[in-house]
Amino acid sequence: MQNQKNDKKELDIDLLEISEVVKKFLVANMVTMVFAILGIVGFMFSGLSLPFFVSELLIRMTRNSFLVLALIIPVLAGMGLNFAIVLGAMAGQVAVIAVTHWEIPGVWGLLLCMALSVPLALVFGYLTGKLLNKTKGKEMIASLILAFFANGIYQLFFLVLLGGVIPMQNEVMILSGGVGLRVSINLATSIKDAADHIWRLSLPWSALSFSALTVMYVGIRRYLNRAKKMEERTIRKHLVYVALVSILALWSLYIMNTDSMFNNIRIPIVTVIAIIVVCIFTTFILKTKLGQDLKTVGQDRHIATASGIDANRIRIIAIIISTILAAWGQIFFLQKMGILLTYGAHAQVGLFAVAALLIGGASVSKATIGQAILGVVLFHTIFIVSPLAGKNIFGDAQLGEFFRAFVAYGVVGLSLAMHAWGKQIQAGNSLKS
Amino acid sequence: MITRIKDLFTDFDLPRLLIVAFLSTLLVLAFFLGLPVLGLLTDMLNRLGMFGVLVLAMVPAIVAGVGLNFGLPLGILCGLIGGLVSIELDLSGGWAFAAAIAVAVPLATLVGLGYGWLLNRVKGSEMMVATYVGFAGVSLMCIGWIMLPFRSLEMVWPIGKGLRVTIALSGRYERVLNDFWDFTIGDPGSSTGALTIPTGLLLFFGAMCLLMWLFLRSRMGIQMKTVGDNPKFAVTSGMNVNRGRMIGTILSTVLAAVGILAFNQGFGFIQLYTAPMFMGFTAVAAILIGGATVKKASISNAIIGTFLFQGLLVVSLPVANQIMQGGNLAEISRIIISNGIILYALSQVGGGE
């Protein structure tokens, strides 16, 4: 009798704890949850078939993740969301324009693009870093305005000077007047699909290989750490990983033996590997001395300076890395698109990447790789479904398009406001205590 | 008086000197290229009056310590709604303009109230939050322009849903201020053109500036300035910082609403959808060119800034077209100058320790 009572009491406490944990989780991940629900509802109303949607989403994921990942390091260095990745994208585009002009096709063209964009991105990143060091505390608005400003310079160069003051002969690329580049440039003679077409696997096979690799990764980690006692959390995380990829593997095996449309989806393995390399690079660099300094500067610049770290230098390095990654990200984006919108391709890069990262649950001062990838999935789900959902719900596809613009701007505004508000409440509390 | 003028010139630091030099060079060039200089001057005056109130809207926000009000589109949207309601009511002439303002001002006050509440919660990040709240507001109203129940045939698409992208104001309140008591000096047929003074427009802008001048000297205005200058001092002397900032934000939003109406009447069209998106940036750039900083602004900054910046736009277009074929040099120079001056102002705030 007594025992039963105790059990019940414990159960109550457990339930209370669980509800508390769930509540905390919901509050902390509110934005992400809202967008997950929006995405699911939008998908149901869009009337799209699941294989088509998945294929479209995978294309966008392999195309855009790179650019979102470029944002993480400046966030960790305490510089907020780097809207100036637009400058990186410009560096990438300059390289792509040059390579298209020289008509170097395929993988070599792609590699040359990546090599050419590095010195440019270095210079742009250095200058951006210098400016952001002069505008501490206002880095985000400065990087946003800098992106607009750089867009002006970019237009001046490619629309007014090129072909006129700076000689260039190319009838396909230059406007008929002989001055300025055309609005759109076909990349078929250069880097179109250069990375994507090297090696492609069907979705089920890719999923199966991914599952196998994940299991191998977990196995190796456990083997290497066999002497040490692992944390409870890590063990739980590994179990979840293995369970998830097992389901994925079973699903792929099932799909392989049907004539489902999923079998027709092809994954560009090289591009995926490139994205994974960026993830590994980001994780790796945070474990080095530079990464530790970076995080220290991000947490408190004054403490960092007091412990002998040159905060300004670290901040410039963070922006340079971000800019180079953005340049490469844009090159990968363009090889997938196959066409360069000379004056438009870079303009929204910052906004879309930032919105995606924030939807994934990141904030001005915290961002992880997982959040970046999740954000890309959710943000692009909204992008894919909203025009059709808008058409089916309101009878107007344009409404859906306006809605997704509203979502992009709104989520950035909301999460910046919530972050600033939280900081203000914290400052108020510390004043009181 | 003489010291005042002297102050005005010592305020002219490097970027302003550059802009003045650039503008004068352009004017001289225009003269030698045989462009109608007096006609250009008329355009400059017109643009000063049309754009002036929007730039003036920056003054209360900066003075109250909120900073550069990148959220100006919020007020602009209220003004646009006022303008549309006035057409929907089938009004024309001066009454239509008055009705538009009468609808827009209370609306802008309400929006300003909410906006001010938000800005009081995000102190230190106002500019960034304001920019994106403005962008979000503009894209939300893009949906609004399709859904709102306006019926007037002048405004809706003949087929399909929603309001047109541009709505002509001819027969409504097109140029009601511009053409009020206007007079022309010189012969319109001559090579230099003629100078037309838009008296009504300049009087309207002048009246707005005067009202702002009076307000800044009122008890409330002085409190607002103190709050903006030194929040800590304001708190110790028993002032409510949030209230001062709130007043500044509301005033800024209301002026933006009035400002867009003044702009539309001179322009002859209402532009909806994404048009208001970057108007905040243009206004910010103008007042910075006029000598304001992120923390300090005066009415004369707004007037000088509007004249210089809009003057630059007016003169650079024909001159650029004469000198260089192709390209969109005028638009490009607008982008570079306006964003360049904002960056310069941001980098002057300090924080470079």
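In this predicted model, helix α2(B) passes α13(B) in a left-handed crossing, the near helix being turned anticlockwise from the far one by less than a right angle. Helices here are DSSP runs (H or I, at least four residues) numbered from the N terminus. The two helices, residues 14–32 and 299–323 of chain B, pack at an angle of about 35° with their axes 10 Å apart; axes are lines fitted to C-alpha atoms over the stretch in contact, and angles run from 0 to 180 degrees between N-to-C directions. Contact, defined by backbone-placed C-beta atoms within 7 Å, brings residues of α2(B) including I19(B), F22(B) and L26(B) together with a set in α13(B) that includes L308(B), G311(B) and V315(B). The residues of this contact comprise 13 nonpolar, 2 polar and no charged, where Ala, Val, Leu, Ile, Met, Phe, Trp, Tyr, Cys and Pro count as nonpolar, Asp, Glu, Lys and Arg as charged, and the others, Gly among them, as polar.

Turning to the interface, 42 residues from chain A and 38 residues from chain B take part. On the side of chain A, α6 (106–134), α7 (139–161) and α16 (397–432) each supply at least two residues. That side holds 26 nonpolar, 12 polar and 4 charged residues.

Residues are numbered from 1 along each chain as its sequence is written. Chains are lettered from A in the order in which they are written, and local features need pLDDT of at least 70, side-chain atom pairs 80 or more, whereas totals for chains, interfaces and linings use all residues.

Definitions and conventions. Contact = placed C-beta atoms within 7 Å.
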